[in-house]
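Thanks for coming. I have a few minutes on one structure, and I will go through it piece by piece. Please look at the sequence and the model first.

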Amino acid sequence: MVTLSRVQIGIVGKPNAGKSTFFAAATLKDVKISPTPFTTIDPNIGIGYVRIDDCPCRSIRCNPRSYSVVEGVCYAPVELIDVAGLVPGAWQGRGLGNQFLDHLRRAPVLIHVVDASGSTDEEGRLVKPGTHDPVKDVEFLEREVDLWIASIIRKDWDKVVRFVEFSKKDIVEVLSERLAGLGIGRVQVEKALESSDLLKKPPSKWGEEDFYKFSSTARSLSKPIVIAANKIDLPEGEEGYKRLKETYSHKLIIPTSAEAELALRRAAAKGLVKYKPGDGTFELVGEATPQQKAVLEKIADLLKKWGSTGVTRALNAAVFDALQYVAVYPVEDERRMSDKQGNVLPDLLLVPKTYTARDVAYAIHTDLGERFVTAIDARSGRRLASDEQVTHGLVLKIVAR
Ligand SMILES: Nc1nc2c(ncn2[C@@H]2O[C@H](COP(=O)(O)OP(=O)(O)OP(=O)(O)O)[C@@H](O)[C@H]2O)c(=O)[nH]1
Ligand SMILES: [Mg+2]
């Protein structure tokens, strides 16, 4: 079985927006949820799933080991991190400060849960629905995350200055080494320096604006953000979602009702309904009380209107749209599409679409990467070219020395 480190997704936002509800709906973990700010203090970590409708298990009988299949639909695990609420000025220590953001260092993508219904102010206190503008939340959150990154970069700036100016080292290299822990790689450092016009500017001359611009670009390249316009079950939520869409036409914005998803998943766990995460419908299969029936009817209307609760859609958007990952299925026996024990399509890996088969081999194990000779597309029997990028749904056999 392949034990690849899982994709991490950080769940961020101001207090009371519904982060923990989103997290609980995706992971079914029992975590604290309440309509008061700062309910979550220590981060919650759990496993959620992205949904792959066009997986090979639709037509082939699979024996999944590192993922799961429900009615021909594949679910691949991802790690979710639900952190404390962020308030304006957190980077300077307001609210719970930004210490907890350190838990997001390794996450390559974030989901920003926004209270689209405008029923909480910028600190998460309850206000009349529709009175707080969710656009403000998007502005401040991105700024806070960027300032957090800027503060990390500035911490030992004198060392960067020394290295670059006195040791005559390449600034791209020095910064890449320093920022590796934040998941900011060489390519991103280079691009961010270039687009901030800083490739030639000596580090000792960097001003406030330079730090911010560089951090902001490096962040958007290395930690893209998907917006979950949450609480769309409330009438004001729909308005807020529309406003977000109009304001940010280039951002990934998914309408969600974390509360509806949580209710459905819990009802399914109890055997009350038949429902798979991401479905657009559910079926009542158990005995429901009149109260439960009323709640489920409302949820059925919501699904009809929006297509789904949006929670799985937001996770999928993070992995497949923001990160541009693809799902590949490594096998050992290409004819039976199985491992040595005969398990058909035992593994599913989520990897960047820029990966070649050799990169996939390295992702599975350094040793396999080093022994890599070639790879075969199991379905067509064709050898992949050495520089060929993997594609979504590829079943591949890695041939190693
Ligand atoms: N109507 C509605 N309410 C929601 C939804 N999602 C969450 N809530 C409610 O919003 C309140 C806050 O939810 P939490 O999940 O605790 O919010 P949080 O962002 O984790 O808050 P902190 O931990 O304090 O930062 C709770 O009363 C939830 O029931 C939703 O989709 N619709
Ligand atoms: Mg919380």
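I will start with Ala-218, which is buried, with a relative accessible area of 0%. This is a predicted model, so every value I give is computed from it. Ala-218 sits in helix H6, which covers residues 208-222. If we set aside neighbours within four places in sequence, Ala-218 is in contact with Ile-184 and Ala-192. Ala-150 is 68 residues away from Ala-218 in sequence, and the two C-alphas are 9.8 Å apart in space.

Next, the metal. Which residues coordinate the magnesium ion, ligand 2? They are Ser-20, through OG, and Thr-40, through OG1, at 2.0 to 2.1 Å. Ser-20 belongs to helix H1, while Thr-40 is in the loop between H1 and strand E2 (44-52), so the pair ties together parts that are 20 residues apart in sequence. Is Ser-20 buried or exposed? Its relative accessibility is 8%, and because the cut-off for buried is under 20%, Ser-20 counts as buried. Thr-40, at 9% relative accessibility, counts as buried too.

The loop between H1 and E2 also holds Leu-28. Leu-28 is not a glycine, yet it has a positive phi of about 60 degrees. For background, most residues other than glycine have a negative phi. Leu-28 has 37% relative accessibility and counts as partly exposed. Another non-glycine residue with a positive phi is Met-337, at about 50 degrees. Met-337 is in the loop between strand E10 (325-331) and strand E11 (349-352). With a relative accessible area of 13%, Met-337 is buried.

Now helix H8, residues 258-269. H8 has 12 residues and runs 16 Å from its first C-alpha to its last, close to the 16 Å expected at 1.5 Å a residue. Which residues of H8 are buried? They are Ala-258, Ala-260, Glu-261, Leu-262, Leu-264, Arg-265 and Ala-267. Their cover includes helix H1 (19-27), strand E6 (225-230), strand E8 (273-274), helix H9 (290-306) and helix H10 (311-322). Just after H8 comes Gly-271, with a positive phi of about 85 degrees.

Two of those buried H8 residues, Glu-261 and Arg-265, turn up again in the lining of the largest cavity. How many cavities of 30 Å³ or more does the structure hold? It holds one, and the largest cavity contains about 50 Å³ of space. Besides Glu-261 and Arg-265, its lining is made of Ala-25, Ala-26, Tyr-49, Pro-277, Val-311, Thr-312 and Leu-315. H1, H8 and H10 each supply at least two of the lining residues, and H10 gives the most, with three. By class, the lining has six nonpolar residues, one polar and two charged.

Last, an open site. The second largest pocket has a volume of about 510 Å³. Of the 29 residues that line this pocket, Asn-16, Gly-18, Thr-21, Ile-33 and Lys-231 are the closest to its centre. H1 and H8 are the elements that give two or more residues to the lining of the second largest pocket. That lining has 12 nonpolar, 12 polar and five charged residues.

To put the two sites together: H1 and H8 each supply at least two residues to the lining of the largest cavity, and both also give two or more to the lining of the second largest pocket. That is where I will stop.

Key
Residues numbered from 1 in each chain as written. Chains lettered and ligands numbered in written order. Predicted model: local features only at pLDDT ≥ 70, side-chain atom pairs only at ≥ 80, totals over all residues. Heavy atoms only, no water. Helix = DSSP H or I, 4+ residues; strand = E, 2+ residues; numbered from the N terminus. Expected span 1.5 Å × (residues − 1). Buried < 20%, exposed > 50% of the residue type's maximum accessible area, 1.4 Å probe, protein only. Contact = heavy atoms within 4.5 Å. 1 Å grid on protein atoms, 1.4 Å probe; cavity = no way out; pocket = protein on both sides within 12 Å on 5 of 7 lines; lining within 4 Å. Points joined across faces, edges and corners; volume = space filled by probe spheres on them. Nonpolar A, V, L, I, M, F, W, Y, C, P; charged D, E, K, R; others polar. Donors = N, O, S within 2.8 Å, 3.2 Å for Na, K, Ca; no water.
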